[in-house]
Amino acid sequence: QVQLVESGGGLVQAGGSLRLSCTASGSIFRINVMGWYRQAPGQQRELVSEITSGGTTNYAASVKGRFTISRDNAKNTVYLQMNSLKPEDTAVYYCNAEINNYRVLSDYWGQGTQVTVSS
């Protein structure tokens, strides 16, 4: 079994910062891409940012320059540093990882963490 556990969400004023963390645990042979998605009420889930095992990153245009993704491969952990937060960043943020569990390569999701930015 593989689990992704997120932490770090909360309520912050516009212009503030939050740091999300997500740690994968369980039967893990290798983790390829790790990333963050978000889903606002009534909207589809969208990619925020992702990072490969080699450190190549990708960002949604709406967060580029404000958010920074990083990962610690030794800890199976991915981080999302969110600065200059805006009310439109309010959403449930989900961690995602492509993991080889010794048998098959699969996508895994965290339970989600709420980020609320007040104006």
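1. Arginine 45 lies over the face of tryptophan 109, at 4.7 Å from the ring centre, where a charge sits over a ring if NZ of Lys or CZ of Arg is within 6 Å of the ring centre and within 35 degrees of the ring normal. A further case is arginine 19, whose charged end sits over the ring of tyrosine 79 at 4.1 Å from its centre.

2. On the basis of the work: this is a predicted model, in which local features need pLDDT of at least 70 and side-chain atom pairs count only at pLDDT 80 or more, while totals for chains, interfaces and linings use all residues. Residues are numbered from 1 along each chain as its sequence is written, and side-chain values use heavy atoms, with hydrogens and water left out.

3. Two aromatic pairs are present in the structure; rings of Phe, Tyr and Trp (its six-membered ring) pair if their centres lie within 6.5 Å, and planes under 30 degrees apart count as stacked, over 60 as edge-to-face and the rest as tilted. Phenylalanine 29 and tyrosine 102 make a tilted pair, with 5.4 Å from centre to centre and 55 degrees between the planes. Phenylalanine 29 belongs to the loop between strand E3 (18-26) and strand E4 (30-39) and tyrosine 102 to the loop between strand E9 (91-100) and strand E10 (105-109), so this pair ties together parts that are 73 residues apart in sequence. Strands here (E, at least two residues), like helices (H or I, at least four), are DSSP runs numbered from the N terminus.

4. Are these two residues buried or exposed? Phenylalanine 29 is partly exposed, with a relative accessible area of 45%, whereas tyrosine 102 counts as exposed at 56%; buried means under 20% relative accessible area, exposed over 50%, and partly exposed in between (1.4 Å probe, protein chains only).

5. In the pair of tyrosine 37 and tryptophan 109, the ring centres are 5.0 Å apart and the planes stand at 65 degrees, so the pair is edge-to-face. Tyrosine 37 lies in strand E4 and tryptophan 109 in strand E10, so parts that are 72 residues apart in sequence are tied together. Tyrosine 37 is partly exposed at 21% relative accessible area, and tryptophan 109 is partly exposed at 37%.

6. Arginine 66, in the loop between strand E6 (57-59) and strand E7 (67-72), counts as buried at 11% relative accessibility. Its side chain makes a polar contact of 2.8 Å with the side chain of aspartate 89, a polar contact being a pair of N or O atoms within 3.5 Å; within protein, one must be able to donate a hydrogen and the other to accept it, and residues adjacent in sequence count only if both atoms are side-chain atoms. A polar atom of the arginine 66 side chain also lies 2.9 Å from the backbone oxygen of serine 62.

7. Four strands form an open sheet in the order E1-E3-E8-E7, with antiparallel pairing; two strands pair if DSSP finds at least two bridges between them. The edge strands, E1 (2-7) and E7, each pair on one side only. E7 is joined to strand E8 (residues 77-82) by six bridges, and phenylalanine 67 has methionine 82 as its bridge partner in E8.

8. E4 and E5 form a hairpin with six residues between them, and glycine 42 in the turn has a positive phi of about 75 degrees.
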